[in-house]
Amino acid sequence: VELIGSGLFTGDSSAASRPVRLDCVKASEQCLKEYSCSTKYRTMRQCVAGRESNFSAVTGPEAQGECRSAIDAMKQSPLYNCRCRRGMKKEKNCLRIFWSIFQSLQGNDLLEYSPYEPVNSRLSDIFRLAPIIAAEPASTKENNCLNAAKACNLNDTCKKYRSAYINPCTSRVSASEVCNKRKCHKALRQFFDKVPPKYSYGMLFCSCPAGDQTACAERRRQTIVPVCSYEDKDKPNCLTLQNTCKTNYICRSRLADFISNCQPEARSISGCLRENYADCLLSYSGLIGTVMTPNYVRSLGISLSPWCDCSSSGNSKPDCDKFAEFFTNNRCLRNAIQAFGNGTDVGVWQPQPPIQPNCSRAQHHPEG
């Protein structure tokens, strides 16, 4: 699908020549101050509401003409191509505005386009001060995940936000509830939004020696307190979980950001369509603290999955498998995590040829 103004989504070197884009909250405020813009904006919102109820509000040709006129006017307004920033003060409100505009202009609810302002960071920016020796693979003796936890405790910001999520994620609410998942998720989002990546990534993407599935890999898996933030009594179907995610502005946006920034590309040496490991890791970490929270599964190598599987998929099995494999068998994501663990970046570290993990085992392997 060709996105209108798609050049603004690529995160390429032409960024310097782009017009300055407002965040959607400021753009909305600016539009509502101008009579012409505010009138068209309100009409467009009514059209979107009508579309959601099978166009019951916009059935006549005259009304549909008004809708088209309002949507065309929005393309000239400050709201067109507005963006949001992860962790911003009014993030949920900003995302609500973005999706109402996006659905009006695109006429769909696809998840390929991120509502977030591109960061355009490189892993090398994170490594500059990170407690990682560049180009050195995981030591056979060192527990890098333990070292990362120690480094976090020595940093005030990391220690503060880590304590802030450990508490709600480990406090039992009742005999049947191991924790308050909503509070745990909110605190986890704050941790990954506020803590410098060199510390948060150090704990989440630390490298473990091959064959180590005990101390190091298990510490890495336990980083997000999976018994609360990840696991549940039942495993939903992955497409059901995706639909649940799409009803929440934060989750929907973080998932769209992940799909956009971790898109694999078989012809790319890095394995990533966008050739940017840092943006992929940032978008992956953004999913933690949503209903789509992913985590490592207990299997050899780097295998990740949300808490869902593709059993009971019926005719939707191919779609479900495709979505699940964006986590379990995503070469871009796996290479990005390995590159971080090796202290390298795109163009420095040469990834290994794609590995074919046992996807069914990754999806159905019991967690506990």
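Buried means under 20% relative accessible area, exposed means over 50%, and partly exposed is in between. Keep that in mind for what follows. The model I am showing is predicted.

I start with Gln-263. Its relative accessibility is 25%, so Gln-263 counts as partly exposed. Gln-263 sits in the loop between helix H13 and helix H14. What does Gln-263 touch, leaving out residues up to four places away in sequence? The list is Phe-258, Gly-271, Cys-272, Leu-273, Phe-326 and Cys-332. Take Leu-273: it is 10 residues from Gln-263 along the chain, and the two C-alpha atoms are separated by 5.6 Å. A polar atom of the Gln-263 side chain also lies 3.1 Å from the backbone oxygen of Ile-259.

Next, the disulfides. How many are found in the whole structure? There are 14. One of them joins Cys-262 and Cys-280, with the sulfur atoms 2.0 Å apart. Cys-262 is in the loop between H13 and H14 while Cys-280 is in H14, so this pair ties together parts 18 residues apart in sequence. The torsion about the S-S bond is about 110°, so this disulfide is right-handed. Cys-262 is buried at 0% relative accessibility, and Cys-280 is buried at 0%.

Another disulfide joins Cys-310 to Cys-320. The torsion there is -90°, and the link is left-handed. Cys-320 lies in helix H15 and is buried, at 0%.

Helices H12 and H15 pack at an angle of about 70°, with their axes 9 Å apart. H12 and H15 are therefore roughly perpendicular to each other. By class, their contact has 5 nonpolar, 1 polar and 1 charged residues.

Terms used:
Residues are numbered from 1 along each chain as its sequence is written. This is a predicted model: local features need pLDDT of at least 70, side-chain atom pairs count only at pLDDT 80 or more; totals for chains, interfaces and linings use all residues. Side-chain values use heavy atoms; hydrogens and water are left out. Axes are lines fitted to C-alpha atoms, for helices over the stretch in contact, and angles run from 0 to 180 degrees between N-to-C directions. Helices (H or I, at least four residues) and strands (E, at least two) are DSSP runs, numbered from the N terminus. Angles under 35 degrees count as roughly parallel, over 145 as roughly antiparallel, 65 to 115 as roughly perpendicular and the rest as oblique. Ala, Val, Leu, Ile, Met, Phe, Trp, Tyr, Cys and Pro count as nonpolar, Asp, Glu, Lys and Arg as charged, and the others, Gly among them, as polar. Buried means under 20% relative accessible area, exposed over 50%, partly exposed in between (1.4 Å probe, protein chains only). Contact means heavy atoms within 4.5 Å. A polar contact is a pair of N or O atoms within 3.5 Å; within protein, one must be able to donate a hydrogen and the other to accept it, and residues adjacent in sequence count only if both atoms are side-chain atoms. A disulfide is a pair of cysteine sulfur atoms within 2.5 Å.
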